[in-house]
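Subject: Structure handover

Hello,

Here is the structure we discussed, with the sequence.

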Amino acid sequence: MRFRKAGKIADNLWYLGREESGTYCLEGKNGTVMINGGLSYILPDVLGQMKELGLDPAKVTKFLILHSHFDHVGIVPYFKRTYPKIEVLASAAAWNIFANPKYVAVMNSFGRLSAKQAGVEEKLTGYDIDWRDDMTGTTVSEGSRIDLGGISLDILETPGHTHCSVTAYEPNLKALFPTDAAGIPYRDLVFPSMNTNANQYLESLEKMKPLPVSIFCADHYGFIIGEEAGTIVAQTIREGRKWKTYLEEYYRKHGGDIDAASKSINEFFYKEFPGYFIAPDILEGVFKQMFKFIAKTMQ
């Protein structure tokens, strides 16, 4: 069953934010971790929901970034600057990206563009949400464990959506936090966002497949519990293979012209997924990334 509204998921676990972009709060006996930084414009929603649900932001001890895209790191600067004791966790590849001023400028620009698209720019007035060079933290990698006391997160490296993606898994709750390394549960569908390397994306899904999952915690469009939660990884593998075939067909159809193929498949996408949260011009750039990989494999 799919849920897209903020609230308690299970003992020690909450979903916060909006339907199109969220963050998770996981409490242990010895600390609390926020998982995924979401879009910057969800910050007022998150703070209001934490107050309503009795969650104290000052008790957050860690903030886990699952990958470096702008729509997954937006509220991290506010939390880190407001509560400096918070330890920010991310992969080594993600930290390298955050050290690049040009990339940081793009992140901030896309964050503002998304807020404008959502019509919530004014709600962010007074919040310090931009990424700058003061954001530092700790590196996590394959096999890392985040121990919160009775609750823990095991880290898997799951590239393909990006080369910096990691997935977190809580074994007691059987909760999977795959970020966009697994399918995005838009409406009643699953979209495989294999941005940088389709082969790696499918390999990462195979790595996740053996894990028993009762709670599937997506970064976009909420969470899934029950029987369906345990099927999402397998569904994404099937959809990923299908979309890889689509990409190859579009690439051939447009004679290897990446720009033309990206524009064409972007139009097809919004017919299939009307109302999707990413601005079309941003998503067209994502498809260009996908086609660059396809071009290499088809040469």
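Searching the whole structure gives one cavity of 30 Å³ or more. A cavity here is a set of points, on a 1 Å grid over the protein atoms alone, where a 1.4 Å probe fits but cannot get out. Grid points are joined across faces, edges and corners, and a volume is the space filled by probe spheres set on the points.

This is a predicted model, in which local features need pLDDT of at least 70 and side-chain atom pairs count only at pLDDT 80 or more, while totals for chains, interfaces and linings use all residues. Residues are numbered from 1 along each chain as its sequence is written, and side-chain values use heavy atoms, with hydrogens and water left out.

Cavity

The largest cavity holds about 100 Å³ of space. Its lining consists of Ser40, Phe70, Val73, Gly74, Met107, Asn108, Gly111, Arg112, Ile129, Asp130 and Trp131, where a lining residue has an atom within 4 Å of a point. Sorted by class, these are five nonpolar, four polar and two charged residues. For the classes, Ala, Val, Leu, Ile, Met, Phe, Trp, Tyr, Cys and Pro count as nonpolar, Asp, Glu, Lys and Arg as charged, and the others, Gly among them, as polar.

Pockets

A pocket is an open set of points with protein on both sides within 12 Å along at least five of seven lines. The largest pocket has a volume of about 470 Å³. It is lined by 28 residues, of which His69, Phe70, Asn195, Val286 and Gln289 are the closest to its centre. Helices (H or I, at least four residues) and strands (E, at least two) are DSSP runs, numbered from the N terminus. At least two lining residues come from each of α4 (101–118) and α8 (280–298), and α8 has the largest share, with five. The class count for this pocket is 14 nonpolar, twelve polar and two charged residues.

The second largest pocket contains about 190 Å³ of space. Around it are Leu189, Val190, Gln235, Arg238, Glu239, Lys242, Trp243, Tyr246, Phe268, Glu272 and Phe273. Two or more of these residues come from each of α6 (232–253) and α7 (258–272), and α6 gives the most, with six. This lining has six nonpolar, one polar and four charged residues.

Cysteines

With a disulfide taken as a pair of cysteine sulfur atoms within 2.5 Å, the count is zero. Cys25 is in no disulfide, and the nearest cysteine sulfur, that of Cys217, is 12 Å away. Cys25 counts as buried because its relative accessibility is 1%; buried means under 20% relative accessible area, exposed over 50%, and partly exposed in between (1.4 Å probe, protein chains only). Cys217 is likewise buried, at 0%.

Strands

Two strands pair if DSSP finds at least two bridges between them. Strand β9 (residues 145–147) pairs with strand β10 (residues 152–157) in the antiparallel sense, over three bridges. Within this pair, Ile146 is opposite Leu153 in β10. The two strands form a hairpin with four residues between them, and Gly149 in the turn has a positive phi of about 90 degrees. On to the next strand: β10 also pairs in the antiparallel sense with β11 (residues 166–170), over four bridges. There, Leu156 has Thr167 in β11 as its bridge partner.

Regards
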